[in-house]
Amino acid sequence: MNLGDNVINWTMQTDMTPRESFLAACNQQAVPEIPVWLMRQAGRYMPEYQAIRSKVSFLELCKSPELCCEVTMQPIDILGLDVGIIFSDILLPPEAMGMNLEFTDKGPQLGAPIRDLAAVEALVDFDPVEKTPWPAEAIRLTRPAIGDHRALIGFGGAPFTLASYMVEGKGSRNYENLKKLMFGEPETFHLLMDRITDNLGAYLRVQAEAGADALQIFDSWGGSLSSRDYATFVQPRMKRLIASLKDLGVPIISYVNGCGHLLEFMADSGADVVAIDWRIDAADAIKIVAGRCAIQGNMDPCALLASPEAAARETRKTLQEFAGHKGFIFNLGSGVLKWTPVASAKAVVDTVRAWQG
Ligand code: CP3
């Protein structure tokens, strides 16, 4: 390499747009500024979101691409974020597979939960262009709104988390029905996981084709499994799902809440980025991932419930621990909570911006 090459490389690095920095970080390249976004960055903690929700139900919102675009842009404008995630919900595919979906005060409810082989067989395969056009349409609207210099992420739920809602019919503490099916009728459970995986592949694909720069797969409940059961029931589907999306050329981010004991699987799944929660130490995560993937995470979202100063302090601690890792994207370890002061979310973003390493 001669001096000229060095100068060109240096120039490209400092001239990166935030979108380029995000994509470079996903590909484990060093970047001039650490990309930052927050899971559930759009939502009820923002008065601007509440104003829209006072007029439409949550499902009406998810099914209005114009409103999804507007809500996606709220945290971009208010917090000054460079990375957006399209507004939607992971439970739209189970509805498209034939289940009745409602959002109530008690959270999401899926009618007639799946408890046996007949119910798994009765599920329908769906064409996302016909049955769930909203996220892709919202991405098409948001792409110009967010601008060429900012990144936009599409997403879906992971097969296990979707299976948990489909079998339990709602959120759950111990996943009794789900695990009863998994241990009692493993073949039925395997079939359910396969059917979800196939439908999810098509659902995610159309989001990338509509212009998403990256795809995140949310496994909010995967951490409830032992390593052995994760290896048997989940890992083959995650590998298959991610492999089926590789030709799209967009980075795949795999998020598992409570992933400490599962990180080796995540790093070996074909994902470009592993998104981790706060329970695992940065040093341990870096050691396990060992240069195979970029890392996204991992601050405790409860740190934002304290003062903006405390949120900024915790942000600096996280940056200190991870900033040396080639390919780091700052985020929380799970979604922004409803009671989060907007000023604390802003303090987090500003602190990442001001970070000089
Ligand atoms: O991150 C973003 O800004 C994009 C939007 C987004 C939502 N849900 C909006 C939403 C994303 C990425 C999700 C993913 C999602 N949905 C997950 C995985 C992520 C996680 O948090 O672990 C899960 C498990 C769901 C299912 C779901 N949807 C639940 C459990 C709830 C109820 C939450 C609650 O506290 O009541 C929802 C509803 C939901 N999804 C809301 C938002 C903003 C709140 C609904 C409202 O406005 O009343």
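Me: Which residues does Gly-260 touch, not counting residues up to four places away in sequence?
Reply: Happy to start there, and do keep in mind that this is a predicted model. A contact here means heavy atoms within 4.5 Å. Leaving out residues up to four places away in sequence, Gly-260 touches Asp-277 and Ile-280.

Me: Where does Gly-260 lie?
Reply: Look for strand 6, which covers 252-256, and helix 14, which covers 263-267. Gly-260 sits between these two elements, in the loop.

Me: Is Gly-260 buried, partly exposed or exposed?
Reply: Its relative accessible area is 37%. Buried means under 20% and exposed means over 50%, with partly exposed in between. Gly-260 therefore counts as partly exposed.

Me: How far apart in space are Gly-260 and Ser-334, C-alpha to C-alpha?
Reply: Along the sequence, these two residues are 74 residues apart. In space, from C-alpha to C-alpha, the distance between Gly-260 and Ser-334 is 14 Å.

Me: How many helices and strands are there in the protein, and why does it count as compact as a globular protein of that length?
Reply: The protein has 17 helices and 9 strands. For 357 residues the globule rule gives 21 Å. The protein is as compact as a globular protein of that length because its radius of gyration is close to that value, at 20 Å.

Me: What share of the residues of the protein count as buried?
Reply: The cut-off for buried is under 20% relative accessible area. Of the 357 residues, the share that counts as buried is 55%.

Notes
Residues numbered from 1 in each chain as written. Predicted model: local features only at pLDDT ≥ 70, side-chain atom pairs only at ≥ 80, totals over all residues. Heavy atoms only, no water. Helix = DSSP H or I, 4+ residues; strand = E, 2+ residues; numbered from the N terminus. Rg over C-alpha atoms; globule rule 2.2 N^0.38 Å. Buried < 20%, exposed > 50% of the residue type's maximum accessible area, 1.4 Å probe, protein only.
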